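Let us read this structure together, one feature at a time, with the general idea placed before the particular case.

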Amino acid sequence: MTIAAVRTHRLSAPLHTPFVTALRRTTTIETLVVEVVDRDGRSGFGEAPQVWQVTGASVAGSEACVRELLGPMLTSRNPDDLVARCVEVDRAVAGNEAAKAAVDVALHDLAARRLGVPLVRLLGGTALTVPTDVTLAAGEAVDLASAARQRRADGFDVLKLKVGTDASGDLDRVRAVRAAVGPRIRVRLDANQGWTPREAVRVIRNIEDAGLDVELVEQPVHRADLDGLAWVSDRVSTPILADESVFGVRDLVEVIRRRAADLVNVKLAKCGGLRPARTLLDLAAAHGVGTVVGSMMESQVGVGAAASLVAAQGTTAVSDLDAAWWLAWTPVRGGVRYEGATVVLPDEPGLGISSATEVKMQTRG
Ligand SMILES: [Mg+2]
């Protein structure tokens, strides 16, 4: 059995609510879905989201990488030698983690379909539900409080508040959200590199002194400033989660070596797919570093793969898999769905995606 074709699909879908962070504002998901087809006509899907400000990946760049290099390399090869194919993909090109993740996930999806099992089974688990947090887009305190109440009513009990756009107002933002949702909802922050180390320590200590019970703070300082990240971690009690500072294994080794963070956010589009993501989760666990699996703003394809990984391997804190929840309609047919704060994996072979054309499926009633 061999791989017959590797296809790419450019997809675009609107969000029902603008997604705003310290790094960017977006109202659509722009993404590349990769389809690896075997000689029996079975397809495996994977996704390379465009995120100029975080990974630097673009739809055009990922498409070129797959069409010119990874696709031709895989054609006529045996898809059942999954590890060998994924190693070849990883070694074939520098950078391009999103494109490599899309191909790695498509190969895993195809392998699971060929065995007739959900992707989570291929990864060594059986759970078909995974809890997720939900993000509150960066904004003013009054709007955040209102969004927090809505998300609680939607069934979410872990809220991730985007801060870091204006350090002087961040304490009031957290105070407003805590007042709006009460003590039982978990609140975590993501500054997306928006603070200096001194601002981070000041804001986090103020939040601690105010008793606002923040679970963790994600990426307080610039991604390259590991000394700054370690400096912040040393000076606050609240756990620090590294996101943009850790793409691959080498980055995580450096964070571990410097004790720069308490947890790491593993994302397929940063590390290059399921195979490297499993390595990162194992490495973190071996060194007592906590874990979250997240995603970029992407569709049911990428979120399904990340959720399958969490369902199989677990994380130490609730994962960050709400991306596809933000879609006004989904650009693919099938895949994960949301029930309140739960990501539900389909009990179907692979990711359960049946097509990746622009079908405009409604995501919510
Ligand atoms: Mg983040």
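**Reading a predicted model**

A: D104, V105 and H108 in helix 3 meet L274, R275 and P276 in helix 11, where contact means heavy atoms within 4.5 Å, and where helices (H or I, at least four residues) and strands (E, at least two) are DSSP runs numbered from the N terminus. The model is predicted, and local features need pLDDT of at least 70, side-chain atom pairs count only at pLDDT 80 or more, and totals for chains, interfaces and linings use all residues. Residues are numbered from 1 along each chain as its sequence is written, and side-chain values use heavy atoms, with hydrogens and water left out.

Q: At what angle do the axes of helix 3 and helix 11 cross?

A: Two packed helices are described by the angle between their axes and the distance between the axes. Here helix 3 (residues 97–115) and helix 11 (residues 274–286) have axes that come within 8 Å and cross at roughly 95°, the axes being lines fitted to C-alpha atoms over the stretch in contact, with angles from 0 to 180 degrees between N-to-C directions. Helix 3 is therefore roughly perpendicular to helix 11, a label for angles of 65 to 115 degrees, while under 35 is roughly parallel, over 145 roughly antiparallel and the rest oblique.

Q: Which protein donors does the magnesium ion have?

A: Donors are N, O and S atoms within 2.8 Å of the metal (3.2 Å for Na, K and Ca), and because water is not among the atoms, sites may look incomplete. In this model the protein donors are D190 (OD), E218 (OE) and D243 (OD), lying 2.2 to 2.3 Å from the magnesium ion, and their spacing in sequence is D-x27-E-x24-D.

Q: Is K162 buried or exposed?

A: Buried means under 20% relative accessible area, exposed over 50%, and partly exposed in between (1.4 Å probe, protein chains only). K162, in strand 6 (residues 158–162), is buried at 5%, and E218 and D243 are buried as well. The side chains of K162 and D190 are joined by a polar contact of 2.8 Å, that is, a pair of N or O atoms within 3.5 Å, of which, within protein, one must be able to donate a hydrogen and the other to accept it, residues adjacent in sequence counting only if both atoms are side-chain atoms.

Q: How does R7 count by relative accessibility?

A: R7, in strand 1 (residues 3–20), counts as partly exposed at 42%.
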